[in-house]
Amino acid sequence: MQVRKIGPFTVSAIGLGAMPMSMNEDQRYPSRDEAIATIHAALDAGVTLIDTADVYAPSWHEMGHNELLVRDALRTWGGDTAGVLIATKGGITRSEGNRWGRDGSLEYLRHAAQTSAQNLGVEAIDLYQYHRPDRGMVYGEVMANLKTLQAEGLIRTVGISNASVEEIDIARDVLGEGNLASVQNEFSPKHPGSYGELVHCENHGIAFLPWSPLGGTGGGGRGVGDRFEVFREIGDAHGVSPQQVVLAWELSLSPVVVPIPGARRPASIADSAQAADLRLTEEDHTRCSDAIGIGR
Ligand SMILES: NC(=O)c1ccc[n+]([C@@H]2O[C@H](COP(=O)([O-])OP(=O)(O)OC[C@H]3O[C@@H](n4cnc5c(N)ncnc54)[C@H](OP(=O)(O)O)[C@@H]3O)[C@@H](O)[C@H]2O)c1
């Protein structure tokens, strides 16, 4: 499969977003066996990036649910997992009554990263992403906290998520040039609004991971070819799904893009993974970009 870089890591150009197996908009969860089979299908297809988070869980008292699934799937897969990058996230809190919050303090992030490392069964987390800005804190101070965790050896590389161009620049400044590995923002035909951040990442050699790259759970991802017909038309011409065309189009926007399509079923990720090797023509690319209103 085509590969891309995230900081020092080389990963498959298409990753697996593991969230829907533990948290999704239509609140339909696969059985544990189906979830493990879905992660195995990703690995079988050559996917070497799995995105998870401590908060991906059906309810507040099951924090770590998704990380544990990922760990168990890696342990029970027959192949070599040495080259698989597990990216997790911290900084969002869930507490009794399913109350959501944010916490970017050093104490909280250290505890969260330690718990995630334990859940994943690793000594150090390869890619730790700050999930969402804690608006009660100065962004640069949170970045300094992540730098401390890196210096302590708890996390190997730092990524950020749901970040503006200004926040990306603060992270670059505090972490030091070349030390911000990735930015994970929502980006899809339905939500092309973070294209500016994508371009900014390309300009600075930072991996850009579109989240909900197909339009999300709850029907957005499944129905992307109905809502945006251009992807279905091009898919029909190539004999592939509209989802593959969406992901191939996102890949063709920039060499720093690494989409992480979510899946609950093995068939979804097996299909999505093939987008890495789908070659769109220049005309296909332009048609998609024009339909979504994105300049190259
Ligand atoms: N950083 C953040 O704040 C944030 C927020 C949201 C999500 N994320 C990350 O982004 C990842 C992906 O987002 P997402 O799961 O919300 O949305 P998504 O990837 O846009 O869409 C997932 C949905 O599309 C369906 N699907 C996927 N591939 C398909 C294919 N080839 N053919 C037909 N249907 C297909 C899935 O179906 P099935 O479920 O039936 O398999 C699922 O319902 C998450 O897993 C998570 O890791 C991050």
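**Entry 1**

I began with the open sheet of seven strands, which has the order 3-4-5-8-9-10-11 with parallel pairing. Strand 3 (16-17) and strand 11 stand at its edges with a single partner strand each, so one side of each has no neighbour in the sheet. I took strands (E, at least two residues) and helices (H or I, at least four) as DSSP runs numbered from the N terminus, and I counted two strands as paired if DSSP finds at least two bridges between them.

The model is predicted: local features need pLDDT of at least 70, side-chain atom pairs count only at pLDDT 80 or more, and totals for chains, interfaces and linings use all residues. Residue numbers start from 1 along each chain as its sequence is written.

**Entry 1. Strand pairs**

I looked up the pairings one by one. Strand 5 (residues 85-90) and strand 8 (residues 125-130) are parallel and share four bridges, with A87 opposite L127 of strand 8. Strand 8 also pairs with strand 9 in the parallel sense, over five bridges; here I125 stands opposite I155 of strand 9. Strand 10 and strand 11 run parallel and are joined by five bridges, and Q184 stands opposite L209 in strand 11.

**Entry 2. Burial in the strands**

For burial I counted other C-beta atoms, placed from the backbone, within 10 Å of a residue's own: 20 or more is buried, 12 or fewer exposed, and anything in between partly exposed. Strand 9 has six of its seven residues buried, so it is largely enclosed by the rest of the structure. In strand 11, five of its five residues are buried. I noted that A207, L209 and W211 point one way from strand 11, while F208 and P210 point the other way. In a regular strand the side chains alternate between the two faces of the sheet.

Which residues of helix 6 (residues 195-203) are buried? I found E197, L198, H200 and C201. They cover an arc of only 165 degrees around the axis, which puts them on the same side of helix 6; the arc is that of the directions from the helix axis to the C-beta atoms. G196 and N203, on the other side of helix 6, are exposed. The cover over the buried residues includes helix 5 (165-175), strand 10 (180-186), strand 11 (207-211) and helix 9 (242-253), where contact means C-beta atoms, placed from the backbone, within 7 Å. Just after helix 6, G205 has a positive phi of about 65 degrees.

I then followed helix 5, which lies across strand 9 (155-161) and strand 10 and runs at about 165 degrees to strand 10. Axes are lines fitted to C-alpha atoms, for helices over the stretch in contact, with angles from 0 to 180 degrees between N-to-C directions.

**Entry 3. Two loop residues**

I located E152 in the loop between helix 4 (139-151) and strand 9; with 11 C-beta neighbours inside 10 Å, E152 counts as exposed. T81 lies in the loop between helix 2 (65-76) and strand 5 and is partly exposed, with 14 other C-beta atoms within 10 Å. T81 and T48 are 33 residues apart in sequence and 8.2 Å apart in space, C-alpha to C-alpha.

**Entry 4. The ligand shell**

Last, I examined the 29 residues around the ligand, among which G17, M19, G221, G262 and S268 come nearest. A residue belongs here if its C-beta atom, placed from the backbone, lies within 6 Å of the molecule. Helix 10 (residues 266-273) gives the most to this shell, with three residues.

Technical notes: Contact = placed C-beta atoms within 7 Å.
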